[in-house]
Amino acid sequence: MDLLIQGIGQLVTPLGKGPLSGSDQGRLQVLDDAYIVVREGRIAEVGQGSPPRLPCPTMDAQGRLVTPGLVDPHTHAVFAGTRVAEFLARTRGDRYTGGGILTTVAAVRAASEDELVELARPRLLRMLQEGTTTVEIKSGYGLTTEDELKMLRAIRRLSEALPLTVVPTFLGAHAFPGELPREEYIELVVEEMLPQVAKEGLARFCDVFCDRGFFTVEEARLVLTRGREHGLSPKLHADELADVGAAGLAAELKAVSADHLLHVSDRGMEKLAEAGVVGVLLPGTAFVLSEPYPPARRLIQAGVPVALGTDFNPGSCPISSLPLVMSLAVLRLGLSPEEALCAATLNAAAVVGLAEEVGSLEPGKLADLVIWDAHELGELPYFIGHRLALVVVKAGEVAWRTSGFSPTPS
Ligand SMILES: [Zn+2]
């Protein structure tokens, strides 16, 4: 698909093919009066001033802000049922311990693969309409070989059916199902699930919920090491409920990311920085659970590249909007709008192994971008909860556009 996008009032993008850390995370390219030339779905040229005359379809951004398509590196978007009762119980003072995961497990086990696909499809379309063009989705609500495979096959079908890049992660070690002793469940994950997942090519990453009341550091090390032997890159739910040393394990394994980090220690931060592990922060979850926010500024100061995700899931975070999460990051984590954009684009792309393909607007990368109903970047976090995406372009094609905005040149 060839395309010229002209009339861009302000084009804001990080640059590079890897995550940005420290002060670099807030140093973005800002081009006023810009245009983008797309050839065969990829960016051929980014320029300023008069656009070239080209015999291809042309879009006019009419002075609006353009950024890379957003990348959500941490979701549990495939699920069945809701956890409204648990949500309301928390509003009356109950505390989140993660125990409700088994409620969703029961609902997912009862659902067919077709039902999981149909339930997730509108959720992913809503994410697309908020500007998300790449999304990671985890299994982890099956907890039997058959049901984990069912979830991952549903994720694969969604990736084939929708105009988003969907990155699958195997999270068999999400919780312990009631029906098996602890050691037997871990044996099932490493001896049966991992080989099957690898054989069918159903996941790119292996994740473990390494926290108080869930998988220990030793158990997580075993699952992630075996996952790597099957070709799945390691990542972790780390130190969300307590500091159990999960960040240190992420560094030891050179995991692609350590996610949550609400209770990460100073030593854990240093280890993440030394190992180049990206810290994925999920402030929507802290917001929903009324938990303390992760130490984003200290992570950035320690040199940890920071990414943002929604953690969209039926229990601890029913938020699927990355722009809303960017608002929380600016308001509650102390990120600048520039740092938040980098966190939700290039750094998040690194977390899903796609930083060479997406996450920034520069020649060679896929033309994944958003025309926003805004004129400067600060409006994205400022208009909290507004849906500002006007046009969402995926690989050079319009994946979604709002009615009421016509990008046809006059
Ligand atoms: Zn999660």
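A residue counts as buried if 20 or more other C-beta atoms lie within 10 Å of its own, as exposed if 12 or fewer do, and as partly exposed in between, with C-beta atoms placed from the backbone. Leu289 is partly exposed, because 16 other C-beta atoms lie within 10 Å.

Some ground rules. This is a predicted model, where local features need pLDDT of at least 70, side-chain atom pairs count only at pLDDT 80 or more, and totals for chains, interfaces and linings use all residues. Residues are numbered from 1 along each chain as its sequence is written.

Back to Leu289: it sits in helix H9 (residues 283–289). Helices (H or I, at least four residues) and strands (E, at least two) are DSSP runs, numbered from the N terminus. Leaving aside neighbours within four places in sequence, Leu289 is in contact with Tyr96 and Ser316; contact means C-beta atoms, placed from the backbone, within 7 Å.

Now the domains, whose bounds come from an automatic or database domain assignment.

| Domain | Residues |
|---|---|
| Domain 1 | 3–69 + 358–401 |
| Domain 2 | 71–351 |

Their centres, taken over C-alpha atoms, are 28 Å apart. Across the boundary, 32 residues of domain 1 are in contact with 34 residues of domain 2. On the domain 1 side, strand E5 (65–68), helix H14 (379–382), strand E15 (389–394) and strand E16 (397–401) each supply at least two residues, and E15 has the largest share, 3 residues.

What about the core? The largest nonpolar core has 143 residues, and Cys210 and Ala250 have the most contacts inside it. Such a core is a set of buried Ala, Val, Leu, Ile, Met, Phe, Trp, Tyr and Cys residues joined through C-beta atoms within 7 Å. Both domain 1 and domain 2 give residues to this core, so it lies between them. Beyond residues up to four places away in sequence, Cys210 touches several others, including Phe215, Leu236 and Leu249.

Finally, a helix pair. Helix H5 (residues 182–199) and helix H6 (residues 217–229) pack at an angle of about 5°, with axes 10 Å apart. Axes are lines fitted to C-alpha atoms, for helices over the stretch in contact, and angles run from 0 to 180 degrees between N-to-C directions. H5 and H6 are therefore roughly parallel to each other, a label for angles under 35 degrees. H5 brings Ile186, Val189, Val190 and Leu194 to the contact, and H6 brings Glu219, Leu222, Val223, Arg226 and Gly227.

Conventions:
Parallel < 35°, antiparallel > 145°, perpendicular 65-115°, else oblique. Contact = placed C-beta atoms within 7 Å.
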